[in-house]
Amino acid sequence: MTREATVTDDTTAPAAERGDNLVEVRDLKVHFPITRGILFDRVVGHVKAVDGVDLTIPRGRTYGLVGESGCGKSTLGRAILQLIRPTSGTVNFDGVELTSLPANRMRAMRRRMQMIFQDPMSSLDPRQNVESILVEGLQAHGIGADRAARRELITRTLDAVGLPKWALSRYPHEFSGGQRQRIGIARALVLGPELIVADEPVSALDVSIQAQVINLLDELQDELGLTYLVIAHDLAVVRHISDVVGVMYLGALVEEAPSDRLYAEPLHPYTRALMSAVPVPDPEVEDRRERILLSGDLPSPANPPAGCRFHTRCPWAQPTRCAEERPVLRPVGTSRVACHWAEQIASGELRPHSVSTQVVRPKDEGDAPHAVSAPSEPGSFV
Amino acid sequence: MALLEVEELSVTFRQRGKRTVRAVDGVSFSVDAGEVVGLVGESGCGKSVTSLAIMGLLPRGAGVTVEGRADLDGTNLLRVDRRTMRDIRGRDVAMIFQDPLSSLNPVVPIGRQVTEVLARHRGLTGDAARREAAELLDRVGIPDPTRRLREYPHQLSGGMRQRALIAIAVACRPRLLIADEPTTALDVTIQAQILELLKDLVRDSGTALIMITHDLGVVAGMCDTVNVLYAGRVVETARRRPLFAEPRHPYTVGLLGSIPRLDSSRGERLSPIPGSVRDVLPWADGCAFAPRCSRRTAACVGEPPALVLTHTERTYRCVNPVAPGEARPGAAAQGPAPATTTAGAATDGSPAGEAATTVPPAPREEESA
Amino acid sequence: MTITERARRKAEKLDRLGELSAARDDERGVSLWQEAFRRLRRNPAAIVGAVILGVFLVVAIVGPFFVPYSPTDTMGIREGLVKSGQGIIPGSSGDHWLGFDHQGRDEFSRLVVGARQTLLVGVVSTLIGLAVGALIGGVAGAAAGLGGRWGRWVDGVLMRVVDMMLALPSLLLAVSIAALLGAGLDTVMIAVGMVSVPVFARLLRGSMIAQSGSDYVLAAASLGVRRSKIALSHVLPNSLAPVIVQATLTLATAIIEAAALSFLGLGNPDTAVPEWGVMLADAQPYLGIRPALAIYPAVAIIITALGFTLLGEAMREALDPKLRK
């Protein structure tokens, strides 16, 4: 109890004394072993889900993490929360190093960092009613003196996420998708966290409901000064909600920039391709825009390409450096970008060429993905 | 004469011990040859059931009632016997599903699944079929097609599987292709590839395409005509540009206002539709959207709103529609709408004026006249 | 339709609209168990199964007090009506509805009193199997799902033990247990129970491992809930449904297996106590003379097993999350 008390003291200290960054991640790696064998597990390789990520989340801001399925963005989010043990690297949360924290101290820290899940149905225990879902966290951390005090806290939280009081005695299956996601948000909020990691918070919801949840997250941030890490595959959602956006490809950040800046001037070829692929609900825009169509699929994270991981699909790939040297995330203007040729591409000095579609092997076959970057006339796709 | 004419299509599910569900409740739309028609709506709006009904893929009997017409070149697809329907499927109408892995047979090589269709509908066998199959795979952008023919679905990536599925669908050069959320399970960069492929196929072959999706962005880039569905009915039909420039039905407006746009800046609040798709009024009792509608009037409840036809190829089902000039939430830099669009625009303050222009039964005929 | 009537109907519709959005303060939520029970009540198979089992239960509990004769009274021989040696076993009559057995006891009374014994064997042996199996499976499942590397080792050891039990043919296992403990009712119950242990263990383990990977377990972990509490209050309750269904189905097979063991002579040595399996075994030498003596207990066993199976299948349907809504 005394330990928790000190934690609480810590959180009430003024922000200026504790630095402006709530989360600092340095060279984080999560490698999952691929094992074979019946009696004895033999490690035959590693899936490099997260392979060296540096990122900083400023207090009270929203960091958006965007990337396609399999890029490791969800793993990264969970590794930051220590729900998956990182293979190496450090995660500093408000001055506390999480990766070396003993299990029970980590459990106490969880009060300050919460998570919102993609599928509101599967992330709620179907046999718990809403009250019991919300009370569980309070009990785990010994918050609230008695039942009445907890009830009071829960009712206030329900109100904050826009759920009626009668929801308390109801079960998750009695709610609609949007309401369930509100329950999930309430569960995270009731502990009074500082950081909320939202993993695809709206992608399982109907379009009209997505907007309700996005607005709710925005409002809660304004009211409570929350810090968000929003993970999503939808660039439009991420850009809408985030102050800073990090673009992930195959386990690493390829670009990080302020939200508006990223849209105005994407520097990494992958960001450009991603941006050009997102459909905009406006025929005027759709008819005007030029698509950068990437050929082929994501290479296997068990066997990522050497050099720049994107070079196998990159329309700007150069014969030198790209295939040999892995680019580091370096500052270019107000952005950070991991591309050897970012300046040349931005200035138009380098022109895109088309990349032939590569042969994609299933994950376990592990052929080195290769592609021939052969110049051909533009628009020769299909 | 349209290629496909769907009229007053209704699908009712009756199950023992459960409430009767009218999944589709009087849907009408038409598709011209070579046209891309969008069916847009959220979950439960009946868009997928509509396509299954047209394809004759709903379970027969078992408490499923299909009413109305779906005329493909004068043949009512809802009334033909199973044998004829099997011939029509694949040859005249083909379908692409959301999940390519479960739509392909996992234990049969891709090649066999393509040649099967070729044998059944085009009578191609042996080497000729294999050559044609390889050509098809090549056409949908699958590299190294001859080798791919021998591979199994699990050996292909999601995007490649969807391409293979499209190859099977277009194998017999159908006149109508129905794509049910073809890119929902795919990543955006792969989605862009597939959409581009579908566009090319439609342009090159003159195949008509019904695009079923929840994504208005996909619609904006692809469809010639858009039908917006809500609770089993078409609530608004318009050509693509007018629909996005000046949506009339409050639901369409709400949908557009709900989508975070890539080109809007940080901090702009979205204007969502309140409530959820579960808060539906049965159409018989008035407008199904009324419980969530911000423009609800007394006239919305009581009887179903009739379809209103403006003379700009647009129909909507609303007694108090949004005026064409009214500011559209979510859209940042849209100029004021041209004043010439709708004659009835001036009477927007009084819904009764709009209702007077109602054309109840078959608005489609009027439109083509 | 008059204008006033139309206005009135419109007003009614507006009321309905209000109801649609009105808060439902007074109603309480319906839990998954309650909902499953509702579905169960609507299923005719469940009703039939429940009725059969209800009758069986009533007969087993109160039957022995109302039987016309003592089930152990060899009145048939005493009165000279039954001469088994000479192949004379009279069939049904006004006084003795199902006739006599080979020892001159009233068959109907024996059948009714035997129901209690049979139910006892079925329930107790299933409970033994359930308890041991659920313990092994629960520990293994929790260890494998949440316990990390050490947990997977525990799980491995427990499951190899279960595999060994599974490797023995069930009847052979039962016979060897009976041989070890000597014949008797307890032996039959333990033997039949042990046979079902691997089934329950594997079922609960698999179910728990599957549930451990679900998002709500991760959500509880991210709330800071202890792993032991997650296992007990989230994983276990959500894994129980298939085990409960299996228990119902096992009751049916347990009765049949117990009957088989009794038939083989491993059951209660005091053959005076009627039990359907024993009755079936006793009837064997007289199949040629009076096959009905075998048919009565056999039909009783089949109907009871059918009742449990119907109810079990209906419960499987009712509890299946995929069939919800």
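## Chain C: overall make-up

From the N terminus on, the elements of chain C run α-α-α-α-α-α-α-α-α-α-α-α. The chain thus described belongs to a predicted model. Chain C holds 12 helices and zero strands. Of its 325 residues, 45% count as buried. Among the contacts in chain C that join residues at least 6 apart in sequence, 72% link residues at least 24 apart.

Helix H10 of chain C covers residues 227–263 and has a kink of about 45° at C:Leu236. The kink comes shortly before the proline C:Pro237. After H10(C) comes C:Gly265, with a positive phi near 90°.

H10(C) packs against helix H12 of chain C, residues 292–319, at an angle of about 170°, and the two axes are 8 Å apart. Angles over 145 degrees count as roughly antiparallel, and H10(C) and H12(C) are therefore roughly antiparallel to each other. On the H10(C) side, the residues that meet H12(C) include C:Ala241, C:Ile244, C:Val245, C:Thr248 and C:Leu249, and also C:Ile255, C:Ile256 and C:Ala259. On the H12(C) side, the partners include C:Ile301, C:Thr304, C:Ala305, C:Phe308, C:Gly312, C:Met315, C:Arg316 and C:Leu319. By class, the contact of H10(C) with H12(C) has 15 nonpolar, four polar and one charged residues.

An α-helix has 3.6 residues a turn, so residues three or four places apart point the same way.

## Chain A: overall make-up

Chain A contains 12 helices and 12 strands. It has 382 residues, and buried residues make up 50% of them. Of the contacts in chain A with a separation of 6 or more, 66% are between residues 24 or more positions apart.

Helix H2 of chain A, residues 73–80, is mostly covered, with eight of its eight residues buried. The buried residues of H2(A) are A:Lys73, A:Ser74, A:Thr75, A:Leu76, A:Gly77, A:Arg78, A:Ala79 and A:Ile80. Just after H2(A), A:Gln82 has a positive phi of about 65°.

## The two domains of chain A

Chain A is divided into domain 1, residues 2–252, and domain 2, residues 267–347. The C-alpha centres of these two domains of chain A lie 29 Å apart.

Contact between the domains involves 17 residues of domain 1 of chain A and 15 residues of domain 2 of chain A. On the domain 1 side, strand E2 (42–58), H8 and strand E9 (244–249) of chain A are the elements that give two or more residues. E2(A) gives the most to this side, with six residues. The residues on the domain 1 side divide into nine nonpolar, five polar and three charged.

## The contact between chains A and B

The contact between chain A and chain B takes 47 residues from chain A and 49 residues from chain B. On the side of chain A that touches chain B, the elements giving two or more residues are helices H6 (177–189), H7 (207–224), H8 (235–241), H9 (259–264), H10 (269–277) and H11 (283–288) of chain A. H7(A) gives the most to this side, with nine residues. By class, the side of chain A that touches chain B has 25 nonpolar, 12 polar and 10 charged residues.

Helix H8 of chain A is listed for the contact with chain B, and H8 of chain A is also listed on the side of domain 1 that touches domain 2.

Note on methods. Residues numbered from 1 in each chain as written. Chains lettered and ligands numbered in written order. Predicted model: local features only at pLDDT ≥ 70, side-chain atom pairs only at ≥ 80, totals over all residues. Bend = angle between axes of the 7 residues up to and from the residue. Helix = DSSP H or I, 4+ residues; strand = E, 2+ residues; numbered from the N terminus. Contact = placed C-beta atoms within 7 Å. Nonpolar A, V, L, I, M, F, W, Y, C, P; charged D, E, K, R; others polar. Domains from an automatic or database assignment. Buried ≥ 20, exposed ≤ 12 C-beta atoms within 10 Å, placed from the backbone. Axes fitted to C-alpha atoms, helices over the stretch in contact; angles between N-to-C directions. Parallel < 35°, antiparallel > 145°, perpendicular 65-115°, else oblique.
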